[in-house]
Amino acid sequence: MQLLLGFLFAIIIAYLAYRAHSLNKSGAIAAIVTGTIIFGVGGLDWAILLLTFFITSSALSRAFKKRKQSLDEKFSKGHERDAGQVFGNGGIATAFAALHFFFPNELWPWLGFAAALAAVNADTWGTELGVLNPNSPLMITNLRKVVEKGTSGGISLIGTIASLAGSALIGILAAFLNPTVDSVSTGIIVTLAGLAGALFDSFLGATVQAMYFCPTDNKETEKHPLHTCGVQTVHIRGWKWLNNDWVNFSCGAFGVVAALIAMLYL
Ligand SMILES: [Zn+2]
């Protein structure tokens, strides 16, 4: 019964997001799959956490449009999320919701779910609000190297504070929604694990993420095979398979591992 309700709720949310151009067709279908599992198996608390990520990140990607216009092409995709982005951001959280079905009385599926969402939320908030930093960002692997805004691997003070805030929002909700356990440590673990995931995302962006070059615009870009201008981009560095979706997936995975290790030792 709850699974059926979850399915209906997921269809409504996916349809609204599709109409609002937050998801394209493949993204809406992927959202129905992840939403059905998370709403259907987890229920209301899990739905609140997922929707907090989904709604705040969709809203922030629309905010400050003018400031971002010149940077838009550095990012590989527009505002409409496709299936790759939905699974990249929500795949791990969905897996932990499914694990909750098999371990309904254990805390760790909730902790893993929350940490995965905290990490991708931290990453999104940092990326979207980092553009407000007045100065150019610094490379995470070499904090003395100044890079252009929007460069993968670049971090800034405002971006990092935004990441911490995005992570803390999920951490605080995770603590309050599951009051049967030690709420303070849940909140702290999820918040710090989420921030760690977002920093790991930047680290991958600076090192092994696939990066391309547009010969027409003379610009580095994540876009492949075609740039916004329609010209084919050339691979310049990083592992070809490690595109932005897999980087987001790794961001969530790193947050989960950090949270579960912290749970074992605290
Ligand atoms: Zn171009």
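H5 and H9 run roughly parallel to each other, because their angle falls under 35 degrees. That angle is about 25°, and the axes lie 7 Å apart. Axes here are lines fitted to C-alpha atoms, for helices over the stretch in contact, with angles running from 0 to 180 degrees between N-to-C directions. H5 covers residues 83-102 and H9 covers residues 244-265. Helices are DSSP runs of H or I, at least four residues, numbered from the N terminus.

A word on the source. This is a predicted model, where local features need pLDDT of at least 70, side-chain atom pairs count only at pLDDT 80 or more, and totals for chains, interfaces and linings use all residues. Residues are numbered from 1 along each chain as its sequence is written, and side-chain values use heavy atoms, with hydrogens and water left out.

Back to the pair. The crossing of H5 and H9 is right-handed, meaning the near helix is turned clockwise from the far one by less than a right angle. Who makes the contact (heavy atoms within 4.5 Å)? On H5: Gly84, Gln85, Phe87, Gly88, Asn89, Ile92 and Phe96. On H9: Asp245, Asn248, Phe249, Gly252, Ala253, Val256 and Leu260. By class, that is 7 nonpolar, 6 polar and 1 charged. Nonpolar means Ala, Val, Leu, Ile, Met, Phe, Trp, Tyr, Cys and Pro; charged means Asp, Glu, Lys and Arg; the others, Gly among them, are polar.

Next, H5 against H6, residues 108-130. The angle is about 170°, with axes 8 Å apart. That makes the two roughly antiparallel (over 145 degrees). H5 brings Asn89, Ile92, Ala93, Phe96, Leu99 and His100. H6 answers with Trp108, Pro109, Gly112, Phe113, Ala116, Leu117 and Val120. The tally is 10 nonpolar, 3 polar and no charged.

H6 also meets H8, residues 183-206. Their axes come within 7 Å and cross at roughly 45°. H6 contributes Leu111, Ala114, Ala115, Ala118, Ala119, Ala122 and Asp123. From H8 come Thr186, Ile189, Val190, Ala193, Gly194, Gly197, Ala198 and Asp201. Count 10 nonpolar, 3 polar and 2 charged.

About spacing: an α-helix has 3.6 residues a turn, so residues three or four places apart point the same way.

Last, H3, residues 44-62. Phe64 follows H3, with a positive phi near 55°.

How values were computed. Parallel < 35°, antiparallel > 145°, perpendicular 65-115°, else oblique. Contact = heavy atoms within 4.5 Å. Expected span 1.5 Å × (residues − 1).
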